[in-house]
Amino acid sequence: MDHLSNTSGWPVHFIDNNEREYMSLIQNQIRPLFPNFAGALSKQTLAEREIGRCAVVEFNEGFNQRTSSFANSAELRHYLLATSSSPAIGCQKQIKRRLFVLEDLPRNYILTLGSQLRIPPSFFAGHYDDPASSTFNHRNPFERHTKSQFRVRYGDSHRAEVDIPPHKRNSMYAFNTNVCRYLHAYDPKGLLYDEMRSHHILSFWSSPLGMDGSWDAVLLVDPPLRGHAKCLPSMQLVPVRHELRDENSIPKVCLYPEMDSLQELPEEVSEWASAYECPQYISVFDDAVNDFASRNQDVCEMDNPMAVVKFPRKLVIGIMLAFVRRRYLNLLRIQKTHVKPNQTFRHNYLSSFSEGALSSWHDEFFDFIVGSCAAMKELIREMEENMVSLGLPMKNETARNSGVAGGPPQWEIDGWRSVLDLVHVLDGLTNALATGYLQYISIQEARISNGNAQSLSKITVLTMLFIPLSTVASIFSMSGDFLPGNPKAWVFWVVSVPVLMMLAYLYWRQELVEALMRKRQSLLLLLERRERKAEFLGPDNER
């Protein structure tokens, strides 16, 4: 990779007229549609305006593709101005096919690329807001799919911890970046403890093809999780540790899919290792730029800007598959029991529901289940929008353009369908968990209610028995001769005891009859068995 000259410190970025008009366009025309982006762009400090990385990949026929990185926005502007000048007299004009890869959204880079390549500001604005937030204008409803643009949203996991005291921990932090991204953390003492997660965007724009086949394209990628994050709402920087204090607290599994679909290995043994794509899955920018630097683009794909970003599109599918697979394992792990703590088999999912952690009512459990069901519905919708943005057919549609010129490649159709199928499986598992949990809790509540009803029935019987005594006592108390110690006091017991016996007989009569009937049936069965046994043994005794 060729690295252009670097300068020390933060260089001064002088805004020219084009960049000034582009900034005015953002602040005036774009602000009503993307207020968060316009406000954040205007508040960036001098250092934040340069925080980010940018590289260009030049695809030239007859030559190996050339990848160069820029140390700052001044180098980027110098490159664009130098390459936009007319060729010297007598020199043949070279076809320009360039892909710019920009990490984060630093203001100086946005103004330079946007003004020089005439990129609509909404392309950068739609990339700013966090994908998990309630935004709508990140996609154009009047043009859901176009061959010159796409915007893909995906999730990612981070095996890291925010290094702060336990009493200051929060469930959500902000990335220390210009782009708005949030880091969601789990409570170590909660129902589920897993790797931190975040949501990201991959955005692509390309210019119309020139008469000579020239084109310019821009790929926006999110920065990785670095050494610091921001606490909310104070936005105070806190360190991020990229290893866990207790590695056994979260199972470490490799969930990324195989990127290559080789029919057979190359003939040369020395080319076997290089035939495999081995991304690091830490930084999309590094993985994409390294792939461009190590592989030459197919000549037949150079006329299609979408084709040259094949690897970043495949990389996002791999990251999303790993993200969804981890959600799948979490649903299996949440049903762990004390008897079978390592129960992660899908064939016996929820088979020991009464032994697991969800066998009793807790507000935390209910919040988790309801939130998971809602999240799965939203995730399905987001994956379907990704497929529409890329022009991919849904499962119930035919891929009529697959494999032909200009149509979506089959690997991309299969990749996103695999993601969507697994999300549907997750949706079914969460629905089964919600249904089982609510039914189990309802059964428990019914059992408790029945127990309470039986206790109340005993109290009712006692009350019913003592009411006649009170009634008789009230009647006899109208005359002094029936009071205790008087000559006729015995009359109270002579009258009360038969009344109690009669009421007890009327109340328990049905139960006594049923008990006698059961006893009679058991005696009849016993006599019948003895008679059959005697008949069976009779001939033998005679012999």
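The legends below describe close-up views of a predicted model. Local features need pLDDT of at least 70 and side-chain atom pairs count only at pLDDT 80 or more, while totals for chains, interfaces and linings use all residues. Residues are numbered from 1 along each chain as its sequence is written, and side-chain values use heavy atoms, with hydrogens and water left out.

**View A. Salt bridge between Glu103 and Arg53.** Glu103 belongs to strand 4 (residues 97–103) and Arg53 to strand 2 (residues 53–58), so the contact ties together parts that are 50 residues apart in sequence. Strands (E, at least two residues) and helices (H or I, at least four) are DSSP runs, numbered from the N terminus. Glu103 is buried at 2% relative accessible area, and Arg53 is partly exposed at 27%. Buried means under 20%, exposed over 50% and partly exposed in between, with a 1.4 Å probe and protein chains only; the areas come from the Shrake-Rupley method.

**View B. Arg241 with Glu161 and Asp163.** Arg241 forms a salt bridge with Glu161, with the closest N and O atoms 2.5 Å apart. Arg241 lies in strand 12 (residues 237–241) and Glu161 in strand 6 (residues 161–162), so this pair ties together parts 80 residues apart in sequence. Arg241 is buried at 14% relative accessibility, as is Glu161 at 11%. Arg241 also pairs with Asp163 at 3.1 Å. Asp163 sits in the loop between strand 6 and strand 7 (172–175), 78 residues from Arg241, and is partly exposed at 32%.

**View C. Nonpolar surface patch that includes Leu512.** Met502, Tyr505, Leu506, Tyr507, Trp508 and Leu512 make a patch of about 630 Å². Patch residues have over 30% relative accessible area and no salt bridge; nonpolar side chains (Val, Leu, Ile, Met, Phe, Trp, Tyr) are joined within 5 Å, and like charges within 9 Å. Leu512 is located in helix 11 (residues 490–542) and is partly exposed at 49%.

View D. Trp416 is buried, at 1% relative accessible area. Its C-alpha atom is separated by 9.6 Å from that of Gly318, 98 residues apart along the chain.

**View E. Cys180 and Cys254.** Cys180 is buried at 16% relative accessible area, whereas Cys254 is exposed at 69%.

Conventions:
Accessible areas come from the Shrake-Rupley method with a 1.4 Å probe; for residues, only the protein chains shown count as cover. A salt bridge is a side-chain nitrogen of Lys or Arg within 4 Å of a carboxyl oxygen of Asp or Glu.
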